[in-house]
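Please read these notes alongside the sequence and the model. They are numbered so that each point can be checked on its own.

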Amino acid sequence: MIFNDSEFGEVIVRRSPLARGVKFSISTSGRLAMSVPKYTSDFLVKRFLNTNRKMIREKLPVKDPNEQRARDYQKKLLMKKAKEYLPYRLEYYAKLYGYKYEKCRLTHANTRWGSCSSNKTISLNIGLMKVPEPLRDYVILHELAHLNHMDHSKAFWAEVGSHDKNYKNHEKKLKLFSPGV
Ligand SMILES: [Zn+2]
């Protein structure tokens, strides 16, 4: 459920059978998020919010509602750009170096640039559209190499290095950017 609060803007409420009490956090868009036990009524949710206003104001970086919407818009644009680029770039390198993958998935996780699953699905973060091209290509080559090595062994890095001679430098530079949108 999402409800509108006059102070914090849209508040995301997640009802979970595992929740033991009320927990406040910040969503990736900067919205206030509340996790509550499954059968908590709307009335109680709002009361929890009201009794915790002061703590939230002091401790949680809730973004201004305008900023929340600006971020939604930015994410939409980035997703559009990513859709028109990343799957084709992946296909290009896969063909060039003879890799076969099942599927390309676009993600917007906060923590990782990409991943490769055992069923050969390669996930790429749409935040890659914000980093310089050599770093973006490095992530793609890194994930493709995982099709042959599902670890970070010497053999894995040797394969990455055979396609991207500057991979160590690219890996290091990538740390200056955050995958979060
Ligand atoms: Zn890896």
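Notes on the fold

1. Ser25 has Ala33, in strand 4, as its bridge partner. The model is a predicted one, in which local features need pLDDT of at least 70, side-chain atom pairs count only at pLDDT 80 or more, and totals for chains, interfaces and linings use all residues. Residues are numbered from 1 along each chain as its sequence is written.

2. Strand 3 (residues 23-26) and strand 4 (residues 32-37) are paired antiparallel over 4 bridges. Strands pair if DSSP finds at least two bridges between them; helices (H or I, at least four residues) and strands (E, at least two) are DSSP runs numbered from the N terminus. The two strands make a hairpin with 5 residues between them, and Gly30 in the turn has a positive phi of about 90°.

3. An open sheet of 3 strands, with mixed pairing, runs in the order 5-7-6. Its edge strands, each pairing on one side only, are strand 5 (103-107) and strand 6 (114-116). On average, neighbouring strands of this sheet are turned by 15° against each other, direction ignored. Axes here are lines fitted to C-alpha atoms, for helices over the stretch in contact, and angles run from 0 to 180 degrees between N-to-C directions.

4. Strand 5 pairs with strand 7 (residues 121-125) in the parallel sense over 5 bridges. Leu106 has Leu124 of strand 7 as its bridge partner. Helix 2 (residues 65-97) packs on the sheet and touches strand 5 and strand 7, its direction making about 150° with that of strand 5. Helix 3 (residues 133-145) also packs on the sheet, touching strand 6 and strand 7, at about 15° to the direction of strand 6.

5. Which residues touch the most other members of the largest nonpolar core? Among its 21 residues they are Leu124, Leu128, Val139, Ile140 and Leu141. Such a core is a set of buried Ala, Val, Leu, Ile, Met, Phe, Trp, Tyr and Cys residues joined through C-beta atoms within 7 Å; buried means that 20 or more other C-beta atoms lie within 10 Å of the residue's own, with C-beta atoms placed from the backbone. Helix 3 gives the most to this core, with 7 residues.

6. The axes of helix 3 and helix 4 (residues 154-163) come within 9 Å and cross at roughly 140°. The contact (C-beta atoms, placed from the backbone, within 7 Å) involves Leu141, His142 and Ala145 of helix 3 and Phe156, Glu159, Val160 and His163 of helix 4.

Key:
Two residues are in contact if their C-beta atoms, placed from the backbone, lie within 7 Å. A residue is buried if 20 or more other C-beta atoms lie within 10 Å of its own, exposed if 12 or fewer, and partly exposed in between; C-beta atoms are placed from the backbone.
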